[in-house]
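Student: I would like to go through the labels used for this structure and ask what each one rests on.
Tutor: Ask about them one at a time, and each value will be set against its definition.

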Amino acid sequence: MLTDVGTNEIDYVEAMANKGVLNFGSFNGKQASFFQKFPKLVWGYQPNLERQAESFSTYVCTKVVKEPTSMSSPDVNGKPRKLGLWHTEDDSWPGLIFLAELVKKKVEDCGGEIVAEHTFPVCCLAQDNGTRPDYAVEAMADFKQKGVTTILWTGGIEGNAGKAATASAYFPEWILLGDGTFDTNWPVRLSTHSQAFDRHAVTVSAETLEPGLRQQRCYQAFREVNTTRPDIDMPYICTYYRNLFQLFTGIQVAGPRLGPTSVDNGFHAIPAIRSNDPSTPACYYEAGDYTCVKDTQAEWWDANGQAPDDGQPGCWRAIQRGKRYLPGEWPSGNINAQITEADPCNGRSVRVLYSPT
């Protein structure tokens, strides 16, 4: 069974797993315990939440904590960093609440002092017209008053923080935990964070560097069997490519006797090899682990950047051309130490904003 998104996805996956059905491509944002509840049966492509928290926290501990401010306004750059935490309190997204708690603990354990913490009530809407923006105005005012130079945003789209910060002439650094949607170009534009983030924001993302649509592997694989589907449909089709890739990899490594045990043995026999290709993540399965991606990259937001095949300005630029790192192996130096104007724009621009699962 291949799954992706849906408001009752967890119930559906669990019901099928209880019947012994293998599930591949389980949607992003799950704790390790979700997969371990049904060992050998439920497999995810993207990293589990614990792995995401580890990648993000080690980035913050290596390149943010104890380093001076470097991507804020000129009057703030060079001063000691003061950290703020911004995350959702929407209980429809328990994974993001869990991520915020885990990241907070890990950052504090490495010496990072979080001097202010605020939440947003509704996730995950790029254009939130259902709530008054007062919460964001008050939060940004408090961050500013307490001298917060650097806001840790642990995932989840929200449409008022950037507006409120810009309106009060507050331009902190934003360190974002990529959640598979926020670390793509389109949602940032929709939420009008583009100018607020311009050269102030970095994301730690499990997503890969994607070239123009026709150069992407998903496009080329699809065109081998279908040459008539309009290109306008391809970004949506490509959304499912990696889940299908995991499914067929599982079939291949299982050998001639396909079943939960042979798939489990095959996946766990994949060697732990680092990625040397920005378009291909390190993918292997550790003991008790049922998710593929193990590494991440860092990107910075350029409000004037032009992504491949995209007519609108604004893109995430891949630092070191999308070089990928395992948790705890980030290069030394501040968050801007490896940034250059030649960093390429990532072509990934998701236009479908997912429902909570």
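Tutor: A residue is buried when its relative accessible area is under 20%, exposed when it is over 50%, and partly exposed in between, with a 1.4 Å probe and protein chains only. Helices (H or I, at least four residues) and strands (E, at least two) are DSSP runs, numbered from the N terminus. This is a predicted model, in which local features need pLDDT of at least 70 and side-chain atom pairs pLDDT 80 or more, while totals for chains, interfaces and linings use all residues. Residues are numbered from 1 along each chain as its sequence is written, and side-chain values use heavy atoms, with hydrogens and water left out.

Student: What makes H3 mostly covered?
Tutor: Of its 15 residues, 11 are buried. Among them are Leu 49, Phe 56, Tyr 59 and Val 60. The cover over the buried residues of H3 includes H4 and the strands E5, E6, E7 and E8, where contact means heavy atoms within 4.5 Å.

Student: How do you know that the length of H3 agrees with its number of residues?
Tutor: The expected span is 1.5 Å times one less than the number of residues. For the 15 residues of H3 that gives 21 Å, and the end C-alpha atoms are 21 Å apart, so the two agree.

Student: Why is the pair of Cys 61 and Cys 110 called a disulfide?
Tutor: The term requires two cysteine sulfur atoms within 2.5 Å. In Cys 61 and Cys 110 the sulfur atoms are 2.1 Å apart. The pair links distant parts of the chain, 49 residues apart, with Cys 61 in H3 and Cys 110 in the loop between H4 and E4. A search of the whole structure finds four disulfides.

Student: Are Cys 61 and Cys 110 buried or partly exposed?
Tutor: Cys 61 has a relative accessible area of 25%, so the label is partly exposed. Cys 110, at 26%, is therefore partly exposed as well.

Student: Why is the disulfide of Cys 218 and Cys 238 called right-handed?
Tutor: The torsion about its S-S bond is about 95°, so the link is right-handed. Cys 218 lies in H9 and Cys 238 in H10, so the pair ties together parts 20 residues apart in sequence. Both cysteines, Cys 218 and Cys 238, are buried.

Student: What makes the disulfide of Cys 315 and Cys 345 left-handed?
Tutor: The torsion about the S-S bond of Cys 315 and Cys 345 is about -50°, so the label is left-handed. Cys 315 has a relative accessible area of 0% and is therefore buried. Cys 345, at 9%, is buried too.

Student: Why is H11 called roughly perpendicular to H12?
Tutor: Axes are lines fitted to C-alpha atoms, for helices over the stretch in contact, and angles run from 0 to 180 degrees between N-to-C directions. Angles under 35 degrees count as roughly parallel, over 145 as roughly antiparallel, 65 to 115 as roughly perpendicular and the rest as oblique. The axes of H11 and H12 come within 8 Å and cross at roughly 100°. That makes H11 roughly perpendicular to H12.
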